[in-house]
Amino acid sequence: SILELLLICVGAALDSGWSPCRQPLDTCLSLHPADCNGESCQDIAPPWAPAWPVAGLLFLAAPMRAVFAGDAASAPKAPPGSADSASGDATAGTCCPSRITLAMLLAGLATVGSGAIVIAEFSAAGLHYAARCPLQRANNRCGTAACPSPVCRRETEYSPCVCGRLEEEEMARALFLNHFAACQPYEWYAWQMQKLEDLVLRYENFACMLGPLACAAAAVGVALLVMQLACCPMILLGRWGIREAVFVLLATDDELDFAIMSGVPLTQPAAESASGLHCAQGRDVAGAAARQLPTGAPAAAPAGSAPRTLSRALGREHSERRLEPLALAVVDKGEDEDVCSIASP
């Protein structure tokens with residue numbers, strides 16, 4: 001955008017301040033008044049062309065920077081670890097874009113449309129000036145093969161080319177605007193032709209300087225327009241919560257490695273929930289084992305119930321052997337956090 005803005009400003013300054021076609025003619029007898037005043041000369045770009053790259057920076061580059069920087073100002077965040085934070089993370093990818101996002105997207109589309117107009121003007125100016133670098137020159141006098149009109153004319157098909165009392169500045173302006181080959185009228189002297197040659201060289205130097213500049217601005221503008229077209233869907237997708245996908249698509253290997261190494265907080269809620277589940281399961285198992293284990297000495301069995309007492313004892317022994325490998329170690333780390341681990345003996 002900055003390079004395109006620089007090319008537009010340089011081209012506009014050269015076109016308005018150094019173009020021989022913009023200078024009004026003192027004597028103009030045969031040309032149109034717009035040609036004599038310089039109003040019909042080819043513009044390198046519209047007057048509002050510098051606003052295009054500036055609008056691209058405001059409406060496309062700045063939102064893209066916010067997308068890559070993880071700007072989530074459109075949705076307030078809850079404190080980490082809370083239930084609202086977990087639900088907000090779950091629904092962040094499905095929320096609709098805000099009105100500000102839609103306004104920025106519409107402004108970005110308008111910026112892209114204005115960029116297409118500027119590129120079309122640059123292309124037309126580049127072709128116009130490239131065709132006049134260098135200007136054509138005839139090897140003979142103005143005649144039936146080369147008669148620059150409307151400054152020169154032929155009355156009939158068999159009449160010669162007559163230019164009359166024509167000024168050299170008007171002749172050079174007509175040759176440049178209508179893209180005629182420079183020829184020598186029959187009425188002119190050698191010193192007039194020398195003056196015309198100097199004027200033609202001035203027009204030619206200007207065309208040879210502004211033509212490549214317009215073509216370069218058009219090429220840079222095409223690249224900028226393609227980038228702006230790619231930014232519009234990325235901004236919309238980024239505001240819809242697919243910022244991580246865009247980052248994975250465009251990030252380098254080093255950036256991906258750094259994001260993976262620093263991405264522990266993203267997976268921390270899942271790990272905490274898993275550890276909490278294990279803790280809850282461990283407490284349930286411990287409670288069940290405590291309910292099954294005997295609390296005191298067994299009561300004396302009545303006479304005649306020895307087989308049933310023996311089976312119950314064997315069942316309790318089997319339960320104890322089955323629960324023996326599950327030893328729970330609860331480590332209290334603070335007021336709100338318990339870390340549970342299952343250790344084998």
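**Salt bridges, core and surface**

Q: What is the relative accessible area of arginine 153?
A: In this predicted model, arginine 153 has a relative accessible area of 48%, so the residue counts as partly exposed.

Q: And which residue forms a salt bridge with arginine 153?
A: The partner is glutamate 155, with the closest N and O atoms 3.2 Å apart. Glutamate 155 is exposed, at a relative accessible area of 60%.

Q: How many salt bridges does a search of the whole structure find?
A: The search finds seven salt bridges. One of them joins aspartate 43 to arginine 22, where the closest N and O atoms are 2.4 Å apart.

Q: Where do aspartate 43 and arginine 22 lie in the chain?
A: Aspartate 43 is in the loop between helix H2 (33-37) and H3, and arginine 22 is in the loop between H1 and H2. The two are 21 residues apart, and the pair links distant parts of the chain. Aspartate 43 is partly exposed at 38%, and arginine 22 is also partly exposed, with 22% relative accessibility.

Q: What about glutamate 197: which residue is its salt-bridge partner?
A: Glutamate 197 pairs with arginine 137, and their closest N and O atoms are 3.3 Å apart. This bridge connects helix H7 to strand S1 (residues 137-141) across 60 residues. Glutamate 197 is partly exposed at 29% relative accessibility, and arginine 137 is partly exposed at 34%.

Q: Changing topic, which residues touch the most other members of the largest nonpolar core?
A: They are Phe122, Met171, Phe176 and Leu196, in a core of 54 residues. Among the elements giving two or more residues to this core are H1, helix H3 (51-68) and helix H5 (99-130). H7 gives the most, with 18 residues.

Q: Which residues does leucine 196 touch, leaving out those up to four places away in sequence?
A: Leucine 196 touches Glu168, Met171, Ala172, Leu175, Cys183 and Trp188.

Q: Now the surface: which residues make the nonpolar patch?
A: Leu3, Leu6 and Val10 make a nonpolar surface patch of about 260 Å². Leucine 6 belongs to helix H1 (residues 2-17).

Q: Finally, how many helices and strands are there in the chain?
A: The protein chain has eleven helices and four strands. Of its 345 residues, 30% are buried. Its accessible surface is about 21,700 Å², with 63% belonging to carbon and sulfur atoms. Among contacts with a separation of 6 or more, 75% are between residues 24 or more positions apart.

Notes. Residues are numbered from 1 along each chain as its sequence is written. This is a predicted model: local features need pLDDT of at least 70, side-chain atom pairs count only at pLDDT 80 or more; totals for chains, interfaces and linings use all residues. Side-chain values use heavy atoms; hydrogens and water are left out. Patches are made of residues with over 30% relative accessible area and no salt bridge: like charges are joined within 9 Å, nonpolar side chains (Val, Leu, Ile, Met, Phe, Trp, Tyr) within 5 Å. Accessible areas come from the Shrake-Rupley method with a 1.4 Å probe; for residues, only the protein chains shown count as cover. A salt bridge is a side-chain nitrogen of Lys or Arg within 4 Å of a carboxyl oxygen of Asp or Glu. A nonpolar core is a set of buried Ala, Val, Leu, Ile, Met, Phe, Trp, Tyr and Cys residues joined through side-chain atoms within 4.5 Å. Buried means under 20% relative accessible area, exposed over 50%, partly exposed in between (1.4 Å probe, protein chains only). Contact means heavy atoms within 4.5 Å.
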